[in-house]
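The following exercises are to be worked with the sequence and the model at hand. Each task is followed by a solution in steps.

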Amino acid sequence: MPETLTGASALIRALENEKVEVVFGVPGGAILPAYDPILDSTVRHILARHEQGAGHMASGYAHASGKVGVVMATSGPGATNLITPLQDAMMDSIPIVAITGQVPTTSIGYDAFQEAHTWGISMPVTKHNYLVTEVSDIPNAIKEAFHLASTGRPGPVLVDIPKDVLNQTLDWQSPGKIDLPGYRPSIKGHPKQVRSAVDLILESSRPVLYAGGGVLRSNGSESLVRFAELAALPTVTTLMARGAIPDSHPLALGMPGMHGNYTAITAMQKADLLVAVGARFDDRVTGRPDAFAPEAKIIHIDVDPAEIGKVRKADVPIVGDARTIIDQLTEEAELRIEKGAHWMDRESWLETLHNWKRKHPLSYNQDPEGPIQMQYVIEQIHRLTGGEAIVVAGVGQHQMWASQFWGFERPNTWINSGGLGTMGYAVPAAIGAKVAEPDQLVIAIDGDGCFQMTLQELITASIEGIPIKVAVMNNSSLGMVKQWQRLFYDERYSAIDLTSHTPDYVGLAESMGCIGLRAKSPSEVGPTLEKALAVTDRPVVIEFPCDPDAMVFPMVPAGASNDDVIVSAEDLP
Amino acid sequence: MNHVISALVENKPGVLARVSSMFARRGFNIHSLAVGPTVDPNMSLITIVVDGPEMEQIIKQLYKLVNTVKVTELGPEEGVIREIMLVRVNSDPTKRAEMIESASVFSARPVDVGAATITFEISGDPEHLSNFLELMRTYGIIELAQSGRIALPKDRKTKRHTTASTKSARMDPS
């Protein structure tokens, strides 16, 4: 006898079958049926204070665990509030499954209460989406959604289910084989292309390995480091790939791009070969595309064929999974070496890079009298934690400094919103990361502007017992906007002042069930952090009133060539 | 330059919206689009005419849609390409016979005849239709409706026997 279930119970059963441990969400009218069986389920539900927060929690969870993050919301405003996290996950290739309630099928199209055309609205911000109109389709839709989210180029998938479909019954059957005739992502790289790639690498005297977020999505760090060492490839890690190779590794050049360091930027500019792995030649990396790496041949490895040739023509394109292809390259290179091949001499290139590193280090100056510099706070957190933490950032100056000054030694310890640049990402994403990795220290490094966008999720954190740390870098302004107004709008500051005293961050934190701390001067930074790190039973917010006039350097102005990098404030025209 | 793309997609609700949304999102221009069933009831064929140089990206982005099974670009010599058009033209009763006769050279049929107008139906490749329009212009076109282009790749074995269009007389420019 097949078991008879409601659509809602079948949905929860399907989630259990996908080994879902936790769902982040906010209930509401149309999704109500699904919130009943979840009470009896092994799936933990974490009640966010806003659907955007729930979506970013799912993203932080996915980032930290490598599993699919799951978010649930109701129809209409619940679904529309998910659009930002979905597009964020789309841009950064984060596997998320979003489940939304919809008004009953009989009401669709009648402008019913809390109706929105979720399927249509979410289409361009998801890898794929579903409107399930037959209750018997629920198990298959969920199975396909998880498959699509987690394979190929990962991304968000939304499943919209009308309320009447959730209430109808079906005879439960485990979903059959996935039938997606138009979806067959490549995994292994074409052997001929792999051989051609090794040919180019052998011939190159100024190569750079350009590692992007795809390396981390494919768990390819170890393979990457092994290959970089074998082929003596200096390696840059994009904002999405920080930690793919330890920053302390002699071949690591750090972050390239708009706020990258001089060596990483210039190495790419002067290279005769770029080996791009899981990277998409984003405008923040390339600067003016026609002036980017003008002498470099390109090997482009990506699981998404559409990325290859989108911005820069590849001399050797290889479609497939990043780790698998790096391993293929390693194997092929080893074979060649066995047969007597050897790399072009890289000594002078490596020495040049080494000299650039020495001559143009990232730097800042902390006056002991203050004001506090964000870079100093970041370095102090690193010192006191030994770097053993997952760092989550918002978007803006604090994010760039965190990426620059935190020495990343392990993969998946840096979580941020890269492609979409979503302010407010840090607090909810940190909550998601802490749920995934409860034994790790999770620290959100956030700006005051970002913090004010999603801080209510700290209520979620304290009530659900998710003890994250949040370092609020309070420069009392929208710092990155201010920096641009200073540099490109003649110091005419418009709508960037957040004031230094409102809100009272300590009081605000306490009101949400967190510990609130404040370091007023540079000398208080260390001791305050020590206090914060000693708390393990609830979330802590530490406010650092920071220099409101500091600017992030190096900087390649938008639309400029990477040759015109401004290394420090002294280089300003 | 116009390119003809033939996309075999799963016959599922909303698949056309996915295709057109992707084109809009990526800033690709659609010149015309036609969608219809295939011999396999699970599949539909979308024929898209696009302008622009970004063919490689367009094809890759089409493939990226989960419901897209196969994408073929058809060059002018590689496909049988057709459009259908209805044209209503002024028709003085004294000229009616002459018009119908010259239309027949294009294999265009009168499908509606009124007191002062004739409506012709014509199908063929785009050049054929445009030649016919040029002829009709001399009588005065009142309105017209035109379908999107549809196409099938030529069978290589029988390529030589495929007609370019309905055998038609070119307009004599004089």
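**Exercise 1. The contact of the two chains**

Task: Determine how many salt bridges the rule finds across the interface of chain B and chain A, and describe the two sides of that interface.

Solution.

Step 1. The rule, a side-chain nitrogen of Lys or Arg within 4 Å of a carboxyl oxygen of Asp or Glu, finds one salt bridge across the interface of chain B and chain A. The model is predicted: local features need pLDDT of at least 70, side-chain atom pairs count only at pLDDT 80 or more, and totals for chains, interfaces and linings use all residues. Residues are numbered from 1 along each chain as its sequence is written, chains are lettered from A and ligands numbered from 1 in the order in which they are written, and side-chain values use heavy atoms, with hydrogens and water left out.

Step 2. A salt bridge joins the side chains of A:Asp304 and B:Lys64, at 2.6 Å from N to O.

Step 3. Five residue pairs, both residues at pLDDT 80 or more, are in polar contact across the interface of chain B and chain A. A polar contact is a pair of N or O atoms within 3.5 Å; within protein, one must be able to donate a hydrogen and the other to accept it, and residues adjacent in sequence count only if both atoms are side-chain atoms.

Step 4. On the side of chain B that touches chain A, two or more residues each come from helix H1 (15-26), helix H2 (55-64) and strand S4 (68-74) of chain B. Helices (H or I, at least four residues) and strands (E, at least two) are DSSP runs, numbered from the N terminus. H2(B) gives the largest share of this side, six residues.

Step 5. Contact, meaning heavy atoms within 4.5 Å, involves 19 residues of chain B and 18 residues of chain A. About 1400 Å² is buried between chain B and chain A, 57% of it on carbon and sulfur atoms; buried area is the accessible area (1.4 Å probe) that two parts lose on being put together, summed over both. In chain B, the residues that lose the most area to chain A are B:Arg18, B:Lys60 and B:Val66, together 42% of what that side buries.

**Exercise 2. The two domains of chain B**

Task: State where the domains of chain B lie and what joins them across their interface.

Solution.

Step 1. Chain B comprises domain 1 (2-74) and domain 2 (79-153), with bounds from an automatic or database domain assignment. Their C-alpha centres are 28 Å apart.

Step 2. The contact draws 11 residues from domain 1 of chain B and eight residues from domain 2 of chain B.

Step 3. These domains bury about 690 Å² between them, and carbon and sulfur atoms give 67% of that area. B:Val4, B:Thr47 and B:Leu74 lose the most area on the side of domain 1 of chain B, together 50% of what that side buries.

Step 4. Across the interface of domain 1 and domain 2 of chain B, the rule finds zero salt bridges and one residue pair in polar contact, both at pLDDT 80 or more.

**Exercise 3. Backbone features of chain A**

Task: Is A:Phe281 buried or exposed, and which peptide bond joining A:Gly370 is cis?

Solution.

Step 1. A:Phe281 has a positive phi of about 50° although it is not a glycine. A:Phe281 counts as buried because its relative accessibility is 3%; buried means under 20% relative accessible area, exposed over 50%, partly exposed in between (1.4 Å probe, protein chains only).

Step 2. The bond between A:Gly370 and A:Pro371 is cis, with omega about -5°. A:Pro371 lies in the loop between helix H15 (347-359) and helix H16 (374-385) of chain A.
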